Amino acid sequence: MDRAKRIEHLRAIMQEKQLDAAVIFNFENQFYFSGLRAITYSRPIIMVVEADQHSLIIPKLEEKHAREKTTADHIHVYHEVEGNDGGSTDYHELFDEVLSGLKTGSRIGVESGSLPLELGTSMERRELECVDIQKDLARMRAIKSDAEVELIRKSGELVSGALKHTIENSSAGKSELEIDYHGNQYLFDTVSEHYTDSTLDFFVMSPSGVERTNMPHIFSNTRKLETGDVIIHSRQVGLNGYRAECERTYFVGQPTAEQEKAFKVMLDAHLAALDFIKPGVTAQEVNEAALAVIRSAGYESSVSHRTGHGIGIGQHEEPSLRFDNDLVLEPGMVFCVEPGIYIPDIGGFRHSDTVVLTEDGADIITEYPRDLESLIIGE
């Protein structure tokens with residue numbers, strides 16, 4: 001990844017907006033610009049980009065990591081143990097030190113949704129003006145480079161394989177956690193064998209039964225699958241920091257007539273959105289392509305979320321495929337297309353696929369059968 005070009009792009013935005021510096025606090029944006037993907041817990045990391053230099057403020061335990069992964073001009077280290085040779089134990093102090101060279105009235109770009117109030121207050125105390133650049137950074141990340149897309153495509157292969165191993169090893173009597181295991185083990189084995197010196201992260205949930213599938217976001221637990229269950233198996237896989245998602249709704253044994261009808265409507269909506277999405281259309285038009293199918297079937301009141309979202313470094317990224325987003329889609333954008341319907345006493349129904357927009361249209365990079373017959377497993 002050419003992160004130097006990304007920082008130069010950020011500096012171009014700073015120049016356009018007449019900013020003297022930018023403070024990057026969101027950990028995904030820090031990875032995007034620096035390559036540092038740290039486990040922060042309660043220890044903040046702060047990136048400050050100026051016209052001629054950029055700095056990192058980091059805890060001592062991440063110092064070696066930062067020096068290996070980044071090209072920061074200055075790394076300011078804070079400590080949390082005694083005997084640190086006089087180094088600072090307070091990142092606030094280091095933050096003030098980094099900003100000390102800026103004149104009163106300087107304009108600072110910040111991420112309004114990520115910057116802690118205490119840091120914003122610190123800048124105000126120094127009479128620095130905060131200017132929101134969150135949308136500018138989201139716009140940068142929305143258009144993926146060829147290298148980013150290649151990693152996402154590989155993640156698409158991995159997540160599709162993991163989903164396949166879970167669904168095809170599901171049966172009544174196994175718990176949600178047990179079926180997740182099969183896909184997880186596939187990931188561990190495949191990445192270890194084929195991707196040298198790579199990082200893997202993943203998210204998985206497999207709510208089962210009518211009540212649990214009506215909760216779109218819920219962790220897998222020890223509930224055992226039963227004959228007649230509907231299951232929404234949802235996975236994301238990240239390879240070296242870039243993610244793809246795949247989800248399928250499936251059944252243990254034959255669905256009821258009501259479930260079969262709802263499944264078909266969901267599938268038609270999913271396919272309508274996949275067929276429609278491409279450069280040149282708007283995000284809200286993609287949302288409407290799916291919603292029109294659901295509305296015509298009388299299930300509009302059973303919709304509780306947008307048709308999809310961007311994906312890449314983050315699990316959910318801008319742009320969103322929702323009713324109020326008139327953004328025109330462009331090549332290089334990557335989306336999860338996932339219309340869902342959730343009906344009390346019947347169940348929840350959602351497929352998701354990851355789609356890369358290209359000059360020629362759209363490539364679906366996740367793959368597993370979507371039709372009902374393929375998604376009924378033996379009891």
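A residue is called buried when its relative accessible area is under 20%, exposed when that area is over 50%, and partly exposed in between, with a 1.4 Å probe and protein chains only. The structure described here is a predicted model, in which local features need pLDDT of at least 70 and side-chain atom pairs count only at pLDDT 80 or more, while totals for chains, interfaces and linings use all residues. Residues are numbered from 1 along each chain as its sequence is written, and side-chain values use heavy atoms, with hydrogens and water left out.

## A charged patch and a nearby loop

Glu 93 has a relative accessible area of 46% and therefore counts as partly exposed. Glu 93 belongs to helix α4, which covers residues 91-99, where helices (H or I, at least four residues) and strands (E, at least two) are DSSP runs numbered from the N terminus. Together with Asp 90, Glu 97 and Glu 118, Glu 93 forms a negative surface patch. Such patches are made of residues with over 30% relative accessible area and no salt bridge, with like charges joined within 9 Å and nonpolar side chains (Val, Leu, Ile, Met, Phe, Trp, Tyr) within 5 Å.

The loop between α4 and β5 (107-110) contains Gly 105, a residue that is partly exposed at a relative accessible area of 42%. Although Gly 105 and Leu 128 are 23 residues apart in sequence, their C-alpha atoms are 5.0 Å apart in space.

## Salt bridges

A salt bridge is counted when a side-chain nitrogen of Lys or Arg lies within 4 Å of a carboxyl oxygen of Asp or Glu, and the search of the whole structure finds 29 of them. Three of these pairs are set out in the table.

| Pair | N to O distance | Relative accessible areas |
|---|---|---|
| Arg 43 and Glu 80 | 2.9 Å | Arg 43 22%, Glu 80 59% |
| Lys 144 and Glu 317 | 2.9 Å | Lys 144 8%, Glu 317 8% |
| Arg 350 and Glu 247 | 2.6 Å | Arg 350 3%, Glu 247 2% |

The side chains of Arg 43 and Glu 80 meet in a salt bridge. Arg 43 lies in the loop between α2 (27-34) and β2 (46-50) and Glu 80 in the loop between β4 (74-78) and α4, so this pair ties together parts that are 37 residues apart in sequence. Arg 43 is partly exposed, whereas Glu 80 is exposed.

In the pair of Lys 144 and Glu 317, Lys 144 comes from the loop between α6 (134-142) and α7 (146-167) and Glu 317 from strand β11 (residues 317-321), so the bridge ties together parts that are 173 residues apart in sequence. Lys 144 is buried, and Glu 317 is buried as well.

Arg 350 forms a salt bridge with Glu 247; because Arg 350 lies in strand β14 (residues 347-350) and Glu 247 in strand β9 (residues 242-252), the pair ties together parts that are 103 residues apart in sequence. Salt bridges that share partners also join Glu 28, Arg 141, Lys 144 and Glu 317 into one network.

## Cysteines

A disulfide is counted as a pair of cysteine sulfur atoms within 2.5 Å, and the search of the whole structure finds 0 of them. Cys 336 is buried, with a relative accessible area of 0%, and its sulfur is 9.4 Å from the closest cysteine sulfur, in Cys 246, which is too far for a bond. Cys 130, by contrast, is partly exposed at 31% relative accessibility.

Definitions and conventions:
Accessible areas come from the Shrake-Rupley method with a 1.4 Å probe; for residues, only the protein chains shown count as cover. Lys and Arg count as positive and Asp and Glu as negative; His and the chain ends are not counted. The place of a charge is taken as NZ of Lys, CZ of Arg, CG of Asp or CD of Glu.
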